[in-house]
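Here is a short briefing on one protein chain. Look over the sequence and the fold, then read the points below.

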Amino acid sequence: MTDIARWKRRAARKSEVKGRAQEPSHMFKMCRVVGCKNTPRAGTGDGLDTRFCRSHADHYARHGSPYHASFKASEINPYRRAAVEWLVDNEGDRVVANALQRVRGLYDRAGPHVEAFRLRGMSSGERAKAAWARLRQHEVDPRMVVAAWLAVEAKTAADPRAETKSEFKQVQAAKIVHRLASGSHKSWQQGGGKTTELHVYPASRGNVLRHLGEDIERAAEMVAERYAKQPTGDPAVARYGGTLRAAPRKLKVRRRVARSV
């Protein structure tokens with residue numbers, strides 16, 4: 001198939017989907033979230049989602065659950081700190097070393113570094129690889145990535161009301177790691193001593209978080225089983241609950257500093 005034929009096929013498909021999205025279906029009357037009286041997007045001409053209204057669909061895309069909010073920093077950071085300290089103390093363990101090597105493998109296979117303001121037009125899978133490339137570019141310690149998954153697992157186990165679905169945990173870990181990848185920051189010196197700065201942060205939502213979360217879970221699944229046997233629930237909160245630092249200062253964590261060009 002030639003490039004022109006492929007482009008025409010994509011354009012026709014896009015037009016067909018757009019037409020269906022703009023035609024409301026009266027089969028879908030109620031959002032599936034209990035207590036919500038809004039109409040699903042497929043019933044309003046605002047999309048093809050037959051399950052959730054616009055508000056809950058956006059919440060689901062951002063948080064991995066249509067009704068459960070993401071963990072706050074004050075809630076998850078004590079668990080992240082406990083996980084990082086445990087990884088540092090057990091770095092010689094073969095299972096820990098395997099998890100860290102898997103994360104380094106994700107760094108190595110991510111491809112070239114792509115600035116955050118050049119992501120437009122990329123698929124969610126390509127954006128996920130770009131996030132791994134940004135982590136590699138800024139030499140973020142792999143222990144921070146593994147600790148994100150261990151923290152989410154520990155927080156979920158300690159909270160009887162927590163969302164336990166795999167997708168939610170994957171998205172929560174991905175949001176932490178995506179934040180570590182941060183964005184792109186540049187500054188230009190202009191005439192008159194003025195400085196122009198550019199700060200671009202990729203959106204933390206959608207399928208890119210699902211791709212990242214799956215990668216993180218696969219990398220940390222073996223060490224998570226080992227870590228689950230450690231007393232890291234309430235003791236983690238008791239020991240680190242008074243600090244918002246998710247890692248000791250000696251670990252390499254990206255700082256958001258504008259780079260001159």
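Which side chain does a polar contact of 2.7 Å join to that of Arg218? The partner is Asp215. A polar contact is a pair of N or O atoms within 3.5 Å; within protein, one must be able to donate a hydrogen and the other to accept it, and residues adjacent in sequence count only if both atoms are side-chain atoms.

This is a predicted model: local features need pLDDT of at least 70, side-chain atom pairs count only at pLDDT 80 or more, and totals for chains, interfaces and linings use all residues. Residues are numbered from 1 along each chain as its sequence is written, and side-chain values use heavy atoms, leaving out hydrogens and water.

**Whole chain**
- The protein chain has nine helices and three strands. Helices (H or I, at least four residues) and strands (E, at least two) are DSSP runs, numbered from the N terminus.
- Along the sequence, the pattern is α-α-α-α-α-α-α-β-β-α-α-β.
- Of the 261 residues, 44% are buried. Buried means under 20% relative accessible area, exposed over 50%, and partly exposed in between (1.4 Å probe, protein chains only).

**Arg218**
- Arg218 lies in helix α8 (residues 207–227).
- Its relative accessibility is 46%, so Arg218 counts as partly exposed.
- Arg218 and Val103 are 115 residues apart in sequence, with C-alpha atoms 9.5 Å apart in space.

**Helix α3**
- Helix α3 (residues 73–89) has 17 residues and should span 24 Å at 1.5 Å a residue. The expected span is 1.5 Å times one less than the number of residues. The end C-alpha atoms are 24 Å apart, which agrees.
- The rest of the structure largely encloses α3, because 12 of its 17 residues are buried. Among them are Ile76, Tyr79 and Trp86.

**Helices α6 and α7**
- α6 packs against α7 (residues 166–181) at an angle of about 145°, with axes 9 Å apart. Axes are lines fitted to C-alpha atoms, for helices over the stretch in contact, and angles run from 0 to 180 degrees between N-to-C directions.
- Residues of α6, including Met144 and Trp149, meet residues of α7, including Ile176 and Leu180. Contact means heavy atoms within 4.5 Å.

**Glu139**
- Glu139 sits in the loop between α5 (124–137) and α6 (142–158).
- Phi of Glu139 is near 55°, a positive value in a residue other than glycine. Most residues other than glycine have a negative phi.
- Glu139 counts as exposed, because its relative accessibility is 55%.
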